[in-house]
Amino acid sequence: MASFSFGAGNAAKLLRIPFYAAGRLATLVIPRTADGWVFGCGAGIGDGALALWNVAAPDHPGAVWLVGSDREAADAAARGIPTVRKNSLRGFWRTARARVVVVTHGFGDVNRYGVSGAFVVQLWHGIPLKRIGIDSPVTVRVPRAIERTPLAPIARRLLAVFYRATTRGIDVIPAASQLVRGRLESAFSLPDDRVPVTGEPRVDVLAHGDPADRRATARAAIAAATGPFDPATRIVLYAPTWRDGEQDPAIPDVHDWAALTEILRREDALLLVRSHPLGAGEYLPPAPTDRVRSLGSGLVPDVTPLLPGIDVLITDYSSLIFDSALVPVPVVYLAPDAEDYSRTRGFYGSYDDVAESGWARDWVSVIPRLAAVLGDAEDHQRRIEHARAVSSRVHEFRDGRNTERVYRAILSRLGRARRDLRPEGMS
């Protein structure tokens, strides 16, 4: 399983500074086309970028999606989306020529060296519970090779300056609510006018159509990705968050697996494991079972459309807490390292604000909670109501029209930007 850490990523950033500088100089002389749009997404062909593509691309015939793998190119081709390899010379040229650049994770979603000077739309990829951006100390974590040397403070300052200089290039980053707006403004060091409260395009799929149809479609997609299952089977999703390259401390041991498979068998449930695509750790039951299946990003790059097919979510600090609350899905919270995570990464507010006190710290504690939510109607309803309460705090819109609002916000701000560039005396 792939793993990634801020330290390793920041080492690469420091090494790439000369290339960023060269790209900056190139984009000063390469003219951007008035109507050029490029899209990219760190999770593949999906997330908010796909939602915005479907709304905006018909108005911009020259729009293109920048891909980093054959899988992404094939997924885009299946949807009729034209692509260019993002790390190719053509990928640089298309990024450098584009007036609008749309990303969901970072500038590496497109060609990172051609972004400077573009109108950047950062859709982000989830409502943050854990601190992100400049709000989190791990963002400026230095490579291990220098973390105990006199160079470490200098490198941290350089990374902080570099990060702020990069995020200042963001022109629009939509927020799900006023509460989330404050988090994004702080994390990306942006003023109010660049963080409109529009709702997130990525969750519109959870509001389109009839709830029964959404559930049927989601369960069909789950079956296509993981294998068939009985229509009456309940589905439990385990989705731990990323721990900066460290192994998930809640990976079940042999005794945990035995207890889990027994409760899954007894309640006729299926456990899907979706480890973070940048995480570390293996989730393999010691004995073969058809009750545990993988739902990794290699199978399904974007899990959001599948949430209506889920009956229970087990997670720690993942933004899926907020996405699934729109369904709503009952959540069992499993956080063995909450205090340490709060110290090293940090939360917006406290973990209690979302998980309530008394969350599970190990699978021994999860098993009775899972049994209750699957087998006790009262417990199930209590967790549904809690999910609804969470949703009401972070989602201002639930009408499936977030993408339209974001597109209007982009066009409005883009129009203002164009007027600001006109020479004096022109109307």
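Tutor: What follows takes some structural terms and checks each against its cut-off. Keep in mind that this is a predicted model.

Student: Why are α12 and α13 called roughly perpendicular?

Tutor: Helix α12 (residues 363-375) and helix α13 (residues 377-394) pack at about 100°. The range for roughly perpendicular is 65 to 115 degrees. The angle falls in that range, so α12 and α13 are roughly perpendicular to each other. Their axes are 5 Å apart.

Student: Which residues make that contact?

Tutor: From α12 come R369, A372, V373 and G375. From α13 come A377, D379, H380 and R383. They divide into three nonpolar, two polar and three charged residues.

Student: What makes α8 and α12 roughly parallel?

Tutor: Their axes cross at roughly 5° and come within 10 Å. Angles under 35 degrees count as roughly parallel. Hence α8 is roughly parallel to α12.

Student: Which residues of α8 and α12 make the contact?

Tutor: On α8 they are D256, A259, L260, I263 and R266. On α12 they are W363, V364, I367, L370 and A371.

Student: What does T104 touch beyond its sequence neighbours within four places?

Tutor: Its contacts include G40, C41, G42, D47, Q122, L123 and W124.

Student: What makes the link between the side chains of T104 and H105 a polar contact?

Tutor: The distance is 2.7 Å. The cut-off for such an N or O pair is 3.5 Å. Adjacent residues count only if both atoms are side-chain atoms.

Student: Why is G42 called partly exposed?

Tutor: G42 has a relative accessible area of 46%. Buried is under 20% and exposed is over 50%. The value for G42 lies in between, so G42 is partly exposed. G42 sits in the loop between β1 (37-39) and α2 (47-56). Leaving out residues up to four places away in sequence, G42 touches T104, H105 and D109.

Student: What shows that both faces of β5 are covered?

Tutor: F119 and V121 lie on one side, V120 and Q122 on the other, and all are buried.

Student: How do you know that β5 pairs with β4 and with β6?

Tutor: Pairing needs at least two bridges. β4 and β5 have four bridges, in the parallel sense. β5 and strand β6 (residues 170-172) have two, also parallel. Both counts meet the cut-off, so both pairs stand. V103 has Q122 as its bridge partner in β5. V121 has V172 as its partner in β6.

Student: What makes β9 and β11 edge strands?

Tutor: The open sheet has five strands in the order β9-β8-β7-β10-β11, with parallel pairing. β9 (292-294) and β11 (331-333) each have a single partner strand, so one side of each has no neighbour in the sheet. Neighbouring strands are turned by 25° against each other on average, direction ignored.

Student: How many bridges join β7 and β8?

Tutor: Five bridges join strand β7 (residues 234-239) to strand β8 (residues 269-273). One pairs L237 with L272 in β8. Helix α8 packs on the sheet, touching β7, β8 and β9.

Key. Residues numbered from 1 in each chain as written. Predicted model: local features only at pLDDT ≥ 70, side-chain atom pairs only at ≥ 80, totals over all residues. Heavy atoms only, no water. Axes fitted to C-alpha atoms, helices over the stretch in contact; angles between N-to-C directions. Parallel < 35°, antiparallel > 145°, perpendicular 65-115°, else oblique. Contact = heavy atoms within 4.5 Å. Nonpolar A, V, L, I, M, F, W, Y, C, P; charged D, E, K, R; others polar. Polar contact = N/O pair within 3.5 Å; in protein donor to acceptor, adjacent residues only side chain to side chain. Buried < 20%, exposed > 50% of the residue type's maximum accessible area, 1.4 Å probe, protein only.
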